[in-house]
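Here is a short report on helix packing and charge pairing. Keep the sequence and the 3D view open while reading.

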Amino acid sequence: MAVALFLNGCASWRVDPPKDPEALADYKEANDPYEPVNRKMYDINMWAYHKALRPLGKAWAWAVPRPVRNAIGSINETWYMPSVFFSDVGAGKPRRAGDDFTRYVINMTVGLAGIFDVASSVGYPHHDSDPGLTLASWGVPSGPYLFLPGVGPNTFRDASGFAIAQGLSPINYVPRGYYLLTFNWGYNVTGAFNNFANQIDSLDHLEQDSLDPYAFLRSAWQQNRASQVEALRNDHRATVPNWY
């Protein structure tokens with residue numbers, strides 16, 4: 001809401017729709033009326049990436065063995081599953097929600113609190129779902145494209161979904177005492193940084209191979225997001241598993 005009010009108050013940062021039909025079609029396809037400020041935010045993000053985040057990420061990848069990084073990624077993914085579960089319930093997809101619940105139970109028990117991804121090997125692979133996709137399945141429009149420093153590509157709808165996801169994650173409600181709050185911060189920061197470190201090569205290729213990395217990233221993210229929404233809407237599998 002704060003971002004929306006801020007952008008609406010900055011008319012000079014908004015690009016008005018062009019009158020030329022061809023240009024107008026491109027404008028609508030990009031869905032980026034706040035492109036001037038979004039590009040500034042992208043530049044800030046990439047400045048921080050080159051000055052600090054990339055060197056730290058490279059050092060992390062060099063110092064931390066691959067099995068440990070895989071375990072951190074698996075823990076982060078597993079402990080986010082309650083948010084995925086509630087998102088699929090909200091979207092009215094009981095089969096997906098059932099798979100989420102089963103995956104969570106298997107990895108939290110046999111997988112030793114998510115250290116190992118056992119569920120994928122027994123037929124319950126990870127799938128992406130979040131409150132932003134749930135809102136899309138309800139017909140909530142995406143709103144304009146946004147680039148948020150530290151978060152990346154987004155829209156008004158998906159930024160709202162990101163905030164809701166934090167509220168659906170049980171780990172964010174750990175009580176004070178017994179170092180649990182410190183553990184929560186460590187889990188969130190380490191998981192996010194580990195995920196970022198795994199994306200460094202992709203970011204480097206993006207910059208090297210694109211004439212306009214900002215526009216390429218925007219287009220790729222929007223296409224991927226549209227594909228995720230379509231996959232969610234078209235998932236009409238029966239609630240009962242095939243083997244039942």
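This is a predicted model: local features need pLDDT of at least 70, side-chain atom pairs count only at pLDDT 80 or more; totals for chains, interfaces and linings use all residues.

**Helix contact**

Start with helix H3, residues 35–63, and helix H12, residues 213–233. Their axes lie 11 Å apart, and the packing angle is about 105°. Angles from 65 to 115 degrees count as roughly perpendicular. That makes H3 roughly perpendicular to H12.

Which residues in H3 and H12 meet? From H3 come Glu-35, Asn-38, Arg-39 and Tyr-42. From H12 come Pro-213, Tyr-214, Ala-215, Leu-217 and Arg-218. By class, the residues of this contact divide into five nonpolar, one polar and three charged.

**Salt bridges**

Side chains of opposite charge can pair when their charged atoms come close. How many salt bridges does a search of the whole structure find? The search finds 16.

| Pair | N to O distance | Relative accessible area |
|---|---|---|
| Arg-54 and Asp-204 | 2.8 Å | Arg-54 27%, Asp-204 11% |
| Arg-237 and Asp-99 | 3.5 Å | Arg-237 40%, Asp-99 18% |
| Arg-157 and Asp-158 | 3.9 Å | Arg-157 11%, Asp-158 6% |

Take Arg-54 and Asp-204, which form a salt bridge with their closest N and O atoms 2.8 Å apart. Arg-54 sits in helix H3, while Asp-204 sits in helix H11 (residues 200–209), so this pair ties together parts that are 150 residues apart in sequence. Is Asp-204 buried or exposed? Asp-204 counts as buried, because its relative accessibility is 11% and the cut-off for buried is under 20%. Arg-54 is partly exposed at 27%.

Next come Arg-237 and Asp-99, whose closest N and O atoms are 3.5 Å apart. Arg-237 is in the segment after H12 and Asp-99 is in helix H6 (residues 94–109), so the pair ties together parts that are 138 residues apart in sequence. Arg-237 is partly exposed, with a relative accessible area of 40%. Asp-99 counts as buried at 18%.

Both Arg-237 and Asp-99 also belong to a network of salt bridges. Asp-88, Arg-95, Arg-96 and Asp-235 are linked in that network too.

The last pair is Arg-157 with Asp-158, where the side chains meet at 3.9 Å, N to O. Asp-158 is buried, with a relative accessible area of 6%. Arg-157 is buried as well, at 11%.

Conventions. Residues are numbered from 1 along each chain as its sequence is written. Side-chain values use heavy atoms; hydrogens and water are left out. Axes are lines fitted to C-alpha atoms, for helices over the stretch in contact, and angles run from 0 to 180 degrees between N-to-C directions. Helices (H or I, at least four residues) and strands (E, at least two) are DSSP runs, numbered from the N terminus. Angles under 35 degrees count as roughly parallel, over 145 as roughly antiparallel, 65 to 115 as roughly perpendicular and the rest as oblique. Contact means heavy atoms within 4.5 Å. Ala, Val, Leu, Ile, Met, Phe, Trp, Tyr, Cys and Pro count as nonpolar, Asp, Glu, Lys and Arg as charged, and the others, Gly among them, as polar. A salt bridge is a side-chain nitrogen of Lys or Arg within 4 Å of a carboxyl oxygen of Asp or Glu. Buried means under 20% relative accessible area, exposed over 50%, partly exposed in between (1.4 Å probe, protein chains only).
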